Amino acid sequence: MKDYYVSPEPWVESVLARVGVDTTNNGEIDTWTDWTRIKETYDYIEGFAKQISKTPAGIDLSDLPAGFGFGFEFKTIQTTDNGILPVMDKITMIF
């Protein structure tokens, strides 16, 4: 039997996300981005037979105003008959 590598990454295109900002310092999100379909992208690394480079999924937040706090929401959508949804074990926000 061959050994197969199973990636923990979301190789499906069924993740939507949005980010919001509390602009009034009242603990509530006042401004949200639109729901955006996000996904990682993969490409071969030249000179390697089975290596790939990965670009993390991201959302452009340049239109959001400054604020006192933020919120993040995501949802997954079942798009196949196999019942598989991505596993989200970590979200990294970079400011």
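1. Phe74 is partly exposed, because its relative accessible area is 35%, where partly exposed covers the range between buried, under 20% relative accessible area, and exposed, over 50% (1.4 Å probe, protein chains only). Phe72 is also partly exposed, with a relative accessible area of 27%. A search of the whole structure finds one aromatic pair. In that pair the rings of Phe72 and Phe74 have their centres 6.2 Å apart and their planes at 35°, so the pair is tilted; rings of Phe, Tyr and Trp (its six-membered ring) pair if their centres lie within 6.5 Å, and planes under 30 degrees apart count as stacked, over 60 as edge-to-face and the rest as tilted.

2. Some reading notes belong here. This is a predicted model, in which local features need pLDDT of at least 70 and side-chain atom pairs count only at pLDDT 80 or more, while totals for chains, interfaces and linings use all residues. Residues are numbered from 1 along each chain as its sequence is written, and side-chain values use heavy atoms, with hydrogens and water left out.

3. The protein chain has an average pLDDT of 78, and 82% of the residues score at least 70, pLDDT being the predictor's confidence in each residue, from 0 to 100.

4. Strand β1 spans residues 15-22; helices (H or I, at least four residues) and strands (E, at least two) are DSSP runs, numbered from the N terminus. Eight of the eight residues of β1 are buried, so the strand is largely enclosed by the rest of the structure. Val15, Ala17, Val19 and Val21 point one way from β1, whereas Leu16, Arg18, Gly20 and Asp22 point the other way. In a regular strand the side chains alternate between the two faces of the sheet.

5. Arg18 is buried, with a relative accessible area of 18%, whereas Glu73 is partly exposed, with a relative accessible area of 30%. A search of the whole structure finds one salt bridge, a term for a side-chain nitrogen of Lys or Arg within 4 Å of a carboxyl oxygen of Asp or Glu. It is formed by the side chains of Glu73 and Arg18 (2.8 Å, N to O). This pair links distant parts of the chain, with Glu73 in strand β6 (residues 69-76) and Arg18 in strand β1, 55 residues apart. Leaving aside neighbours within four places in sequence, Arg18 is in contact with several residues, among them Trp32, Asp34, Ile59 and Phe72.

6. Is Glu28 buried or exposed? Glu28 is exposed, with a relative accessible area of 53%, and its place is in the loop between β1 and β2 (31-32). The C-alpha atoms of Glu28 and Gly69 are separated by 8.5 Å, although these residues are 41 residues apart along the chain.

Definitions and conventions: Contact means heavy atoms within 4.5 Å.
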